[in-house]
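Visitor: I would like to learn how to read a protein model. Could you take me through one, feature by feature?

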Amino acid sequence: MGSEMCIRDSRKYPDYRIVCLDKLTYAGNLSTLAPVMDNPNFRFVKLDICDREGVYRLFEEEHPDMVVNFAAESHVDRSIENPEVFLQTNILGTQVLMDACRKYGIRRYHQVSTDEVYGALEMGKGMFTEDTRYDPHSPYSASKASSDHFVRAYHDTYGLPAVVTNCSNNYGPYHFPEKLIPLMIANALNDKPLPVYGTGENVRDWLYVEDHCKAIDMILHNGRVGEVYNIGGHNEMRNIDIVKIICKALGKPESLITYVTDRKGHDMRYAIDPTKIHRELGWLPETKFADGIQKTIRWYLDNRAWWETIISGEYRDCLLYTSPSP
């Protein structure tokens, strides 16, 4: 999401100076920003958002007027194994950024959050709205819920000009191959088992990353301060159906599908109602899942060297993120 936003805005707003701050963790890759690294209006800074001194120094140098916080530890499986790093980055890192915004002054702080903070929906019943009660079920979603609450508290207490957006599952180019879609593509192309949690009936609402960044752009420039906007794709799909689509597109047998022990606290269904952002700003998702998944698969086929490098060495052993059920 962050790289898509940097590339998109660097081209759309040539008069803007765009600064990308990134720690480059295991899931980060600087080559993602290759299309804009040499642009005169773009700067990359390797930095941890938890590094208060470094963040303050960067704000003194650049004096940003808008800050979008994409930075987060986001893989639920890893949050179950080690919650602490999620608390550090997602909560304390958010606090550091907001403190810098208060200290040096900004026009807009934008917190990118997730639909997972709302918990789970019953199959076929309703969607998440901006008024849905928070009910996180994993360390990841709990850390994001906490950061959302801090953003609202900073707005109410200090007058921070903040907005929170809760989006559904993103997919598209450059997606790190630990998440469902890129993992299945990578494993299928290598004729490795395709691990599916439980029976694969869990439903997610899928949002093409380009559509998401268009929504953030609209909110940054025209959204109301202090508001929450839900950004959804209107593309509910069962996990198992997505895996079968990928198998068919790549000409791989469904016998590669391997059902594994379900994840702890695994929410059954997410679905976002984007009525508010459509009503106020005119945004709607433009990419149907049938089109977006084919574009995504084609990108991974055309850029195999990129993700093969990503999953080489130590990470290659993690492609199967859990052991098959007996």
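Visitor: Does S143 count as buried or exposed, and why?

Guide: Keep in mind that this is a predicted model. A residue counts as buried when its relative accessible area is under 20%. S143 has a relative accessibility of 1%, so S143 counts as buried.

Visitor: Where in the chain is S143 placed?

Guide: S143 belongs to helix α5, which covers residues 139–158.

Visitor: Which residues does S143 touch, leaving out those up to four places away in sequence?

Guide: S143 touches F86, N90 and I91. Take N90 as a case: N90 and S143 are 53 residues apart along the chain, yet their C-alpha atoms are separated by 6.0 Å.

Visitor: What lies 2.6 Å from a polar atom of the S143 side chain?

Guide: That is the backbone oxygen of Y140.

Visitor: Now for a sheet. In what order do the strands β6, β8 and β10 lie?

Guide: First the general idea: strands of a sheet pair through backbone hydrogen bonds, and the pairing is either parallel or antiparallel. Here three strands form an open sheet in the order β6-β8-β10, with mixed pairing. The edge strands are β6, residues 169–171, and β10, residues 236–238; each of them pairs on one side only. From one strand to the next, the twist averages 50°.

Visitor: In which sense do β8 and β10 pair?

Guide: Strand β8, residues 203–208, pairs with β10 in the antiparallel sense, over three bridges. To find a bridge in the picture, look for R204, whose bridge partner in β10 is M237.

Visitor: Which strands of the sheet does helix α7 touch?

Guide: Helix α7, residues 209–222, packs on the sheet and touches β6 and β8. The direction of α7 makes about 70° with that of β8.

Visitor: Let us turn to the whole chain. How many helices and strands are there?

Guide: The protein chain has eleven helices and eleven strands. Its radius of gyration is 19 Å, close to the 20 Å that the globule rule gives for 326 residues, so the chain is as compact as a globular protein of that length. The C-alpha trace spans about 55 × 45 × 40 Å along its principal axes.

Visitor: What share of the residues is buried?

Guide: Buried residues make up 52% of the 326. The accessible surface of the chain comes to about 14600 Å², and 49% of that belongs to carbon and sulfur atoms.

Visitor: What share of the contacts with a separation of 6 or more joins residues 24 or more positions apart?

Guide: Such residues account for 82% of those contacts in the protein chain.

Key
Residues numbered from 1 in each chain as written. Predicted model: local features only at pLDDT ≥ 70, side-chain atom pairs only at ≥ 80, totals over all residues. Heavy atoms only, no water. Pairing = 2+ DSSP bridges. Helix = DSSP H or I, 4+ residues; strand = E, 2+ residues; numbered from the N terminus. Axes fitted to C-alpha atoms, helices over the stretch in contact; angles between N-to-C directions. Contact = heavy atoms within 4.5 Å. Buried < 20%, exposed > 50% of the residue type's maximum accessible area, 1.4 Å probe, protein only. Polar contact = N/O pair within 3.5 Å; in protein donor to acceptor, adjacent residues only side chain to side chain. Rg over C-alpha atoms; globule rule 2.2 N^0.38 Å. Areas by Shrake-Rupley, 256 points an atom, 1.4 Å probe, with all protein chains shown as cover.
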